[in-house]
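Dear colleague,

I am handing over the structure below, together with some notes on what was found in it. Please read the notes with the coordinates open beside you.

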Amino acid sequence: MTTSRRKFIKISALGLGGVVASASALNVFGKNSYLNEIVAQNIVKNLKKTATYCEVCFWKCAAWAFTNENNEIKKIIGNDDDPHCNGRLCPRGTGGVGMYHDEDRLKTPLIRTTINGEETYREASWEEALDLIASKFKNIKEKYGAESVALLKHGSPGSHLEHLFKAFGSDTIAEPAYAQCRGPRETGFGLTFGSWIGSPEPTDIRDTKCLVLIGSHIGENMHNSQVQEMSDAIDNGATIITVDPRFSTAASKSKHWLAIKPATDIALLLSWMHVLIEEDLYNKKYVDTYALGFDELKAHVKPFTPEWAYGITTIKPEEIRKTARTMAASAPSVIVHPGRHVTWYGDDSQRSRAIAILNGLLGSWGNRGGFYFKEKISIPKYPHPKYPEPKWGWHDLGKQYPFSEMGITSELVKATIPNKDNKHPIKAWLIAGTNLINTLPQREKTIEAINAVDFMVVIDTMPMEITGYADVVLPECTYLERYDGIRSATNRTPSIAVRVPAVKPKYNSKPAWWISKEIGERLGLGDYFNYNDFEDVIEWQLNKMGTSLEEMKKIGVKKFERTSGPLFLEDGQDYEFGTLSGKIEFYSHQLAEKGFDPMPVYTPHPEPPQGFYRLNYGRSPMHTFSRTINNPNLSDLKDENTLWVNPKVARILDLKKGQEVWLKNQDDKLSTFSIKVRVTERIRWDSVYMYHGFGHNNKKLTRAFGKGVSDTELISKVVIDPLMGGTGLRGNFVSILTENPHKNIEL
Amino acid sequence: MRYAMVIDTLKCVGCSDCVVACQTENDVPIGYCRDWITETVSGTYPNIALELKSERCNHCENAPCVRCCPTGASHIVDGGIVLVTADECIGCGACIESCSYDARYQHPDGYVDKCTFCHHRLKKGQLPACVSVCPTKCMYFGDLDNPNSEVSQLLKNRKYKTLAPEAGTNPHVFYLI
């Protein structure tokens, strides 16, 4: 096998193979709805609403999809009864219509082939594509074991495929949402409070008196109910403290913005603890009742004065003291937010530990205005035979990270790259709903692994970068066109939501549950897929839960009573935390036993060399990851990212607003495309900033192609979190090039 | 009855949900919009202020667009809402030029289009699409003539501004500051 075998090829020379969104659709309402009232009202009357929940991001807000008499999706509105959205979707949810209408969608199964020595794709029938996948999977299972087939996934399709994989005998499963996003905080909070944060976060923001955001840009990350509650908190006069090197939207709503020097957060957190303890401001009663290791913590943070932290963080000592006192005055109605996407500098689990301990000192866990005890509702399992026991799986691949609790994508990539010492070689990949090229750092490693696998399948709704590397591409229909698993929610009160198809799948696309079942049956796993339609599964589950599909189609969301007890601790209540000791662990024996710091320690991180700026990136409210940039409605709101540059830097480098520049990182990685300069005071002079997810290089994404720069391609240096294997992504530096470095290279 | 919109700039996060909700509600063609977000940054690092706000037709009491319309297509209806009758609009663009808020655009079908305060929704007792969708609930809508309405109360109790007051248009969109 040559390493260039699976070079990226464009999905090209294919007919549209389906109907382009009818042009008349635009005129149904547009031409003067208010004038011709009777017509307009008739149209409104005729809109049919279908219960769904959103799949544009992972928040899964329940919604209603409205279709007209021609079965065209007109709009999507939040479900009033849903605690994830309270009837208000975010821009991405409202723009979900574009995901359905996008004419660049994958339309039919594709199989990689060589014609006249040129690699290309040919259209295939589902039958042929699925047969091919099943036969390849069988071969690999015979030769290497089912475990050698790995699943890399995200979102709702992932759970259907996870079932297929477990039935097949493979637990070699991972998703970027863990090691590239929120894993470290689950470890940090898990070790401290014995409980994961999970999604949505159980933060009682609406009732808080003080919200502390550390690099968390709520409002730019549109985590719907969190954004809504932050707005409630503003109404209620809560103090917001934002720690961010960039003047984020949240910073603009804050009483205190601490413009921290990047990579020094742990120093600030330790110093805050120092102030709370030295000034006797911590929540003594709470700490005495629920926490272990206070004396060790007190001794540990003694040297970390605000003056010490000033030299590291550039935050003035009086600011550190003032903000610590504000938190203490609000306690226990205070939230030091755990954040999301917390894989920054490689010591992220320890930073999350510091955040958790700080919350512990303030007594916010289990108190109103702090963290509530979330309640999950479990969905009855549709009966199927017991899964076979795999000989190895994600556990074994991530062994060196003792606190990992989910598959680590980067370890799966590593196990795929041939190496004689590798006891667990991976030979095939199935990728669903995640564009690994723009999701994982160190792109060349991902591509090396892709080149090494014997067989690779990609399931997606869009022709992403990753689809171009597949041997077989399967077009999934969008969430608006399919039944899916029941959404259960961790919230103040438990609720479920259903997803019912609003329209038939467009083009020749299919739902992931169908794809899983078809592959399963071809693999002789029919017993695991004992239903005709996923509708049957949901119906069965809903009946077990005392409702029915008929009812759920009408209401979309059903709330249940809490059964696990109150949301908050009662005064002095005896409570056992989920840690080994049953207490909040300031000092972690588990960490000490494994040779890690039992309490968080500040370690200096590299700083940008001369002529380089730290590459910071974050979310734009209109987009999710890199998956929505081509969505016609969302691309209309933001179609490219810009490079935020401080005016001082712009002056030194003679950069003008709107000027096109290219970026080169410390490892000489060049940006494929150019990015326009945005000169703004909202960014420090040692850093630059861009929105994540842009710079697509697949030409089949007609709106997204070549617009802006992909931050991911500039992330080549990664520091691994030794506790759980998270990949620290914020340690890269870029220089700004004003001349096109690709002049002689055809893209 | 005088309809007004009050927008709390202290809560707006500039997410543009109002924009996309308007587009899907009113079939505004991709590439056009009836409302939009502005961002104003003032000060120098690290002493900065940022104002985000959602803008649209101000439904002015003294509306230059209505005065200058040669066909009467631009007109004011009950509640003070400024509307354009598409069938009467000849697309001359005089109203676009006269608008102090740059709130109008030429629809590809040839007529001039803009925010209607979702007149069709108001008739059914619904709020404008942008107000109903806003995740921060920073947008309020109601009757200025009713002293107990949310909008009247907010304007009574909070500091606010209007855009381009010097134009003398008497706008019906207010920004809490």
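How many residues of chain A are in contact with residues of chain B? In this predicted model, 53 residues of chain A touch 53 residues of chain B. Between them the two chains bury about 4,300 Å², with 55% of that area on carbon and sulfur atoms. Six salt bridges are found across the interface of chain A and chain B, and the side chains of B:Asp27 and A:Lys74 also meet in a salt bridge, at 3.3 Å from N to O.

The largest cavity has a volume of about 190 Å³, and of the 18 residues that line it, A:Gly215, A:Asp244, A:Pro245, A:Asn616 and A:Arg730 are the closest to its centre. Because domain 3 (197-374 + 574-593) and domain 4 (613-737) of chain A both contribute residues to this lining, the largest cavity lies between them. Strand β20 (residues 613-618) of chain A gives the most to that lining, with three residues, and the lining as a whole divides into 10 nonpolar, four polar and four charged residues.

The second largest cavity holds about 130 Å³ of space. Its lining consists of 13 residues, of which A:Met99, A:Thr461, A:Met462, A:Arg627 and A:Thr628 lie nearest its centre, and here the division is four nonpolar, five polar and four charged.

With best regards

Methods:
Residues are numbered from 1 along each chain as its sequence is written. Chains are lettered from A and ligands numbered from 1 in the order in which they are written. This is a predicted model: local features need pLDDT of at least 70, side-chain atom pairs count only at pLDDT 80 or more; totals for chains, interfaces and linings use all residues. Side-chain values use heavy atoms; hydrogens and water are left out. On a 1 Å grid over the protein atoms alone, a cavity is a set of points where a 1.4 Å probe fits but cannot get out, and a pocket is an open set with protein on both sides within 12 Å along at least five of seven lines; lining residues have an atom within 4 Å of a point. Grid points are joined across faces, edges and corners, and a volume is the space filled by probe spheres set on the points. Helices (H or I, at least four residues) and strands (E, at least two) are DSSP runs, numbered from the N terminus. Ala, Val, Leu, Ile, Met, Phe, Trp, Tyr, Cys and Pro count as nonpolar, Asp, Glu, Lys and Arg as charged, and the others, Gly among them, as polar. Domain bounds come from an automatic or database domain assignment. Contact means heavy atoms within 4.5 Å. Buried area is the accessible area (1.4 Å probe) that two parts lose on being put together, summed over both. A salt bridge is a side-chain nitrogen of Lys or Arg within 4 Å of a carboxyl oxygen of Asp or Glu.
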